[in-house]
Each structure stands twice: as structure tokens, then as C-alpha cells.
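Please read them with the coordinates open.

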Amino acid sequence: MRILLLVLVALAAGCAAVAPEQPAPQQPPENAAVASLMHSAHADADAGRLASAEASLERALRIDPRNPRLWQQLAGVRLQQGDYAQAESLAARSNSWAGADDVLRAENWRLIAEARRARGDDAGAHEALERAEHYGR
Amino acid sequence: MARRAKPGRARRLLRLGLLALALGASAYVLYLDQRVRHEFEGRRFALPAKIYARPLELHVGLRVPETDVLRELRELGYRPAVRAGESGWYVENGDTLEISVRPFIFWDGPQPAKQLRVTFGDGGVTGLADAQGAPLALARLEPLLIGGIYPTNNEDRVLVRLAEVPKTLIGELIAVEDRRFYTHWGFDPRGLARAAYSMATGHRIEGGSTLTQQLVKNFFLSPERTLGRKLTELAMAVLLELHYSKNEILETYLNEIYLGQDRDRAIHGVGLAAQFYFGKPIEDLTPAESALLVALVKGPGYYDPFRHPKRALERRNLVLREAREQHALTDEQYQVARATDLGLNPQRAMGTSPYPAFVDLVHRQLLRDYDEADLRSEGLRIFSTLDPRVQGAAERALADRLDAFDRERRFGAPGLEGAVVVADSQTGEVQALVGGRDARYQGFNRALDAARQVGSLLKPAIYLTALEQPSRYTLATLLDDSPFTWKARGAEPWRPVNYDRRFHGAVALRTALANSYNVASARLGTELGIDKVIATAHKLGIEHELPPYASTLLGAADLSPFELAQMYQTIASGGFRVPLHAIRDVTTQDGRPLKRYPLAVEQAFQAAPVYLLVAALQDVVRDGTAKSLADWLPPEIGAAGKTGTTNDQRDAWFAGFTGDRVGVVWVGYDDNRAARLLGASSALPVWGETMAALEPQPLVLPAPAGIEQTWIDPQTGLRADATCAGAVELPFADGSAPQARAPCASVASGAGVKSWFERIFGL
């Protein structure tokens, strides 16, 4: 079963690999307000002040909802908070704005893998890691 | 003996009688004592939950023009001139705005007063700095108070501590209302006598009741005036004085006193009165301002400074004079105070809320987590998502359009109603909710409670269900718009017709949606399976059950504008459903965080099919039933949307989105009468006018992986190239684009010819 899954994943990854790269959606230059909020969210999350980090990131998202880094950082905070379902959804949301940024996609897939593993979904975690590998190359 | 016995008996009877009276009186006093203590100590002022709008966040790049920032400052009660030593003012200087921001306790902590310099250009903020000119990344204004959840008597107050109340206010109050307050025992015979005297001489100033008596009256007693009442009041006043200090009594008095009326909202206490009349915290009141509050004690209606400014000014000056006489004010203070005008905050008649429909939504969402009683008494601070700018635009658009329609009688008799919901399409925050054309009216909330036929607004659920199967359906797939009959067991045969009463033969899927063809859509829906389409609608966010009949495909289901806004939010954010919500945070009255309402996202659909649906909904606006939106929004915005019109044209709908907002507008008659309403001509204008006022962001969905662009010949639905006349470039899920080439492409392009040969001969 597992092997079958692996084969499927590999196939899926292969298909994705031949898909033409999409151009990145036009990102406005990083807004100073967003940058400062991201910065304080980082500091808060590192210090374990997760509610503050969350509030800052939501505040930043209201200003710049197309910024995949913000969605990703919020996904990370949810992961720390133990809200794995939200962590996964938010990382997927980040992917949807990632454009051609494969490094970011790989990070998101690793985050999704971690969320799935924490939920006991090992197969899903494995699949997510494969995806991360694919983008991380 | 007998002669002496008689008077003896009488005396004994008298003594007994007196004793009984004394006993009875003491029992009554004891009872009163218990009541006074119990109620005074157990007394907690019911503090309504306060609801705030979103705070305006200023930063470089904010697309809000200066006029709108100024409007918000005025609504916040900021004064248009420097006020030394105070916050809460602004100065306009060309395209630069100097703002002295008031301190405010946010959910994430207190924010001190500060001075900002904001530069505008190009319809938005281009510079933000502090008073010294050092650039700032971000600054927020305090949020507008937009309403509350009040006790049933609609008493509103802001509690203050005695230490916060200016000494001059207390001095003025005592000088006018109760000169011997600090020395009497709850009642003041001399004051009474003086009151009687001054009444006789016509110079009535004091009421004769001490502050303690006034408090007792407001607190415990009904307003009837009998001797018994008066005695009870006296006894209770004395008892209150026995148990509590003068300061405790005074503080309670200052918080209890009734000082005005704002529509249905009763203004109690000096804390709220300071805000209501002057737009400032109690600590900042000048002697003249406090004197006006003291003047109002005697009769807030009679001396209402908004309605009777002359009367109020005279009474205020009387208070000032008395205060100087009693040495509560120095001569200098008196002279300055007397020379100032009333200094009222430009009144913002609000009642319990200027936005009753939105407050209703907040209230309902709060009731999921809080008791009604707590909401009405605990003084919770609710930070909502309302954007007054968006709300204002939606209210104006709805009222102006409906007024015009009524005047022209274009759609039927006057009396049209409507509702608007606007939300941030990415975060799901509800920014505006209008429950009817009179947005101040606290009645039927059509945005939430009107259950109306939705018509074509449900069609995107059919098309999304189809586009989820790229091997069967693409935007170019030809659908059949020829006569169609649907037969189900136990039901009349159903024969849908098009709005133009014609059949259009083979039409591309995107064209069928763009022109809202009923027959093609119904046939498509039944092909897919009615239950599948209904499941899609639920996944999009429709919570109400939908009837499992074919007619549901064409919108024979009753839903509220709010529910449809949820459906279109999911589409607008590329398939990520974010529950529409109206609250961000709740804190206790002193600012301790209680609950956050975090952003929650759920991927309800894969990105590719939603991307295709959005492209089709953009076609609706570009050259379909919503073409007239071009009158409001330029084509670069790329807005997407859907019109809706129901049987007998009873309901008109428009739902759509730009890059940043999703909105739904409904227009119809409350009695559901047949009219001549059309989504495109009655609901769409309201939507267009609202969005046009809000600097919309262009709608550019990021193309997800697995989407490719291909040229198509719309006539045949086959592959074309740029040289084909009328060819369009459409997005397709990878591998789903038609392989066969249209004749134009095969002739015009060598490559096309080759591949055509390849196909024919299998090379």
C-alpha cells in the first residue's frame, strides 16, 4: 500500500514537474507597515507570545492579503499553537499566492508535513514531504 | 384610686402606643437600613457592552483619500484646530495633515497619545511621520464607538472614579446643588429653608434636596411625591450617610446622575456626559465644560444645550457664578470660563447605534460565546470589523439609488427596499451591513433575515461543479440551449425558459454563464446531478437546506444576502472559505483580553476549477449580463460577478467581487409583490456605486499550477490561434483544452495544418 502510494506521489510529482511555471503574481514592493508587523510577529512568536504574534500577522494581512509570507508565518504560529488543521489550510493559502517562489512552496509543504504528522496522518505527511522535496530541488 | 386610675390607664395606653410606634418605626428603619446597605453594596452599575469599529490604520500605501480620513476624524470628534495640551485635534496644511491622536486602550494594550504628520497624494497616504518628522511604519487612530448592547432601559454610562473627576466639577456641583454636602447628615434643614425662601423670592437655584437625597431618589424610589415618600427618602439618606463615606456617596452620585438623552439612549453619569457633549474624557474637562454638566443636573431636557443653547448658556453661567461665590473657582478661572462658548462636540446623534443592522450581526455572533445578561451589564469592549467608510458608501449608494428608482417609478410603486453586505474577500471581515434603505432604522434586518428567492445567483454552483471535471467540461465546452424538459417522478414536468424567451442552440459554457441562460444551465445541472450541485453550494458556504429539486438549479430557494455573501467570498478567495465574521477581539472594560476571533481558513475547493469559474464570472462583467458595471468601474479592475432576477421580477440581485472586497446587493419589495425588477438595472447600480467609492483593487487571481492558456475560436469551441478573427485566449486545466483545431486556425497557420494532418492521418 505504502509503495503504491509512493509511486502515485512520484507520478504526481513528475506530472507537476513538467507543468509550465506560472509567472509570479505581481507583488507590490514590501510595505514598511507589513515589514514592521512581520518583524514584531517574529519576535513575539520566538518569545512564545503566540496571541500577539497572531494579532500582528492578522493586522498585516488586512493590509496585504496577497503576501504569501504572511500566510506562511501565520500557519507557523498555528502550528505552534497546536491548531494543525488551520496550520495546513493557511500553508495551502500561502501556496496559492506563491507564484514562482518554489523555495516558499517547499517550506509550506514541509510545514504541512509537520502538521499532518502531529495529527497522526503519517501517509499524508510523507506525501507532503515528497512535494517539499520536489520544490526544494 | 379610681380617679387616679383613669389618667394612669390613659398614660399607660399612650406609653404602650408610643412604644408600639417606636417599635414599628425602628422595624421599618431596620428594614430600610438593610435595603440601603444591600442595594448600595450589591449595586453594580449595569455597563452595556461597547462596540467599536475597526481602527483606521495609517501607513504609506494606504488607499484612502484625505477627505475620507478627515471624515473619520470628524466622526471621532477631533477638532479642526490646535488645542494646546490636549489631544484629539487636527490641522490641515495643503496635502499634509497634522493629527494629535488620543490615547486609547486597544486589545493589544494601551496606546499613548501621539502626534502624526500624514502626507497625501494620488488618492492615498504617501508619507507618515511623527511630530519631529521621523518616519513611522504604521499608526492607528482610535476606533469609532458604533454602539452598544444596552440594558433594557437603554441606560448608558461610562464609569469614572472620583479621583478622575476634576476638582472644579465637584466644586461647582456642590456650590449649586448642595453647599453643605461635606457637613450635613444626609439632609439639610438650612438648605431646605433657603430653597423655600429662594423659591418664594423667585431666585430658585437650589432644589433643597441634598446630593444624598437625590441619589436615594434615583436609586431606590419611584418618582411619586407624597409625604411618606419624603420621610422614607430622608431616613434612607441618613442611613446611607451612616454607613458610607462622603466620597463613596459622591462617586456613586456622579456615575448615576441622568444628564441627557440621545434618541433612545439615556446618558447617565459625568463620564459618558463628558464624551457625549464634548467628545473627551472626564479628566480633560475645563471649568466651563464641567459647569455645563452641573447645569444639566436640574433638567437635561429643559437645558439641552443642542436644542436650547441660550438657556443652557445662562444656566451654565449661573453655575459658574455660584461656584465663584463659594470659592470653588478663582476669579480668573471664572472670567475665562464665562467668556467661552458652550464648546459642544458637533453632535453625532447615534441613539443606541447609528449602524443597527451591523450591531445586530455583532450581537448575534457574540451570543455564541456570551450570555445576554453579561453583554448588557459587564461593560465588555467589542472590537468589530465595521469599516465606517465602506458602510457609509453602501448606505449612500442604496438610499440614493432607491430614491431615484422610486421617483422614476421604473420598477414599480414607491417603497422599494434593499440590503447590502460588503466583506473583505480575503479575511472574511464584514465591513458593511445595510439592513434597509433607512439605515438608521432599528427594525427588520434584511441583510440577515430576508429570505428571498436567489435566482441566478446560485448558477455559479452549477458551473463550478462542472469545471471540477476538466475532462468533461471546460470554459469552451459547448452546452445545449435548446428546448428542455425535466421529468422527475411525482413532479410536474419542468420546462425552463430563458429570460429572452428564445433558445440559443449550442453555446460555450462561459457564454451560457455570461448571459445567464437558464435552459443550458438547467440541462447542465441535471447532467451533473442536482444533489452534486447542491453539495457544491453547501461547500461554498450556503448553510440553509436547499430543496432537492431541479428548480433549485435556477435559484428557486430562499436565502439571505448574508448567506450569498459567504458563497461569493469562497469564490473570490480562490476556493478558500473564510467564515464571514464581524468581531476581532473582546476585552473586559479595563482592557484585559478575553477572546480573540482568529482568522480561520478552509480550502473548500481545488484552486484550478475556482480559477476558471472566476474567469467566467469576469466575462459576465466584461460582456455578459453585468456589462453595465462599466459605468462605475473601469475594465482594469476586472471585477467578477453575477446578476440575479427572479420569477415575475420580484427580486433583483447582484453579487460580485473586486481584488479586495466581495459584496451582495438585494433590491425588492417587502411584500414580495411582482415588479419589474432586474438584477442588472436595480441591484447592480447600488453595487457599482458602493465599490466605485472605495478605490477597489484590481482582481488578479494568481494562476494556480495546472492552468494553461489556449486560444479558442468561440464559434466552434475549437483550438484557434491569434490570427483567427474573434479568437479568445482562455484558461484551461492542463490537458483539457480542445485538441481539434478550428478551420480558421488550420488554414491560417502552418503548424495548425500540420497538426490537423497529424490528427487525420494519425501521424
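1. B:Gly529 comes directly after α18(B), and its phi is positive, near 110 degrees. Bear in mind throughout that this is a predicted model.

2. Now the helix itself. α18(B) spans residues 518-528 of chain B, and nine of its 11 residues are buried, so the rest of the structure largely encloses this helix. The buried set is B:Asn518, B:Val519, B:Ala520, B:Ser521, B:Ala522, B:Arg523, B:Leu524, B:Gly525 and B:Leu528. Note that B:Arg523 is on that list.

3. What covers α18(B)? The cover over its buried residues includes both helices and strands of chain B. Among the helices are α16 (459-467), α17 (509-514) and α19 (530-540). The strands include β18 (478-481) and β19 (505-508).

4. Chain B as a whole. It holds 24 helices and 30 strands. Its radius of gyration is 35 Å, whereas the globule rule gives 27 Å for 763 residues; chain B is therefore more spread out than a compact globule. Along the principal axes, its C-alpha atoms fill a box of roughly 145 × 75 × 45 Å.

5. Burial and contacts in chain B. Of its 763 residues, 49% count as buried. Take the contacts with a separation of 6 or more: 69% of them join residues 24 or more positions apart.

6. B:Ala10 lies in helix α1 (residues 2-42) of chain B. B:Ala10 has 10 other C-beta atoms within 10 Å, so it is exposed. Between B:Ala10 and B:Arg265 the C-alpha distance is 60 Å, with 255 residues separating them in sequence.

7. Turn to chain A and its pair α3(A) and α4(A). These helices cover residues 50-63 and 68-81; their axes come within 10 Å and cross at roughly 160 degrees. The two are therefore roughly antiparallel. Their crossing is left-handed.

8. Who meets whom in that pair? From α3(A) come A:Leu50, A:Ala53, A:Glu54, A:Leu57, A:Ala60 and A:Leu61, and from α4(A) come A:Leu70, A:Gln73, A:Leu74, A:Val77, A:Gln80 and A:Gln81. By class, this contact has eight nonpolar residues, three polar and one charged.

9. The pair α5(A) and α6(A) comes next. Helix α5 (residues 84-96) and helix α6 (residues 102-118) of chain A pack at about 165 degrees, and their axes are 9 Å apart. They are therefore roughly antiparallel to each other. Here too the crossing is left-handed.

10. Residues of the second pair. A:Tyr84, A:Ala87, A:Glu88, A:Ala91, A:Ser94 and A:Asn95 of α5(A) meet A:Arg105, A:Asn108, A:Leu111, A:Ile112, A:Ala115, A:Arg116 and A:Ala118 of α6(A). The contact divides into seven nonpolar, three polar and three charged residues.

11. Finally, the interface. Chain A puts 28 residues into the contact and chain B puts in 27. On the chain A side, α2 (32-46), α3 and α5 each supply at least two residues. Which helix of chain A gives the most? α3(A) does, with eight residues. The side of chain A that touches chain B has 15 nonpolar, nine polar and four charged residues.

Terms used
Residues numbered from 1 in each chain as written. Chains lettered and ligands numbered in written order. Predicted model: local features only at pLDDT ≥ 70, side-chain atom pairs only at ≥ 80, totals over all residues. Helix = DSSP H or I, 4+ residues; strand = E, 2+ residues; numbered from the N terminus. Rg over C-alpha atoms; globule rule 2.2 N^0.38 Å. Buried ≥ 20, exposed ≤ 12 C-beta atoms within 10 Å, placed from the backbone. Contact = placed C-beta atoms within 7 Å. Axes fitted to C-alpha atoms, helices over the stretch in contact; angles between N-to-C directions. Parallel < 35°, antiparallel > 145°, perpendicular 65-115°, else oblique. Left-handed = near helix turned anticlockwise from the far one by under 90°. Nonpolar A, V, L, I, M, F, W, Y, C, P; charged D, E, K, R; others polar.
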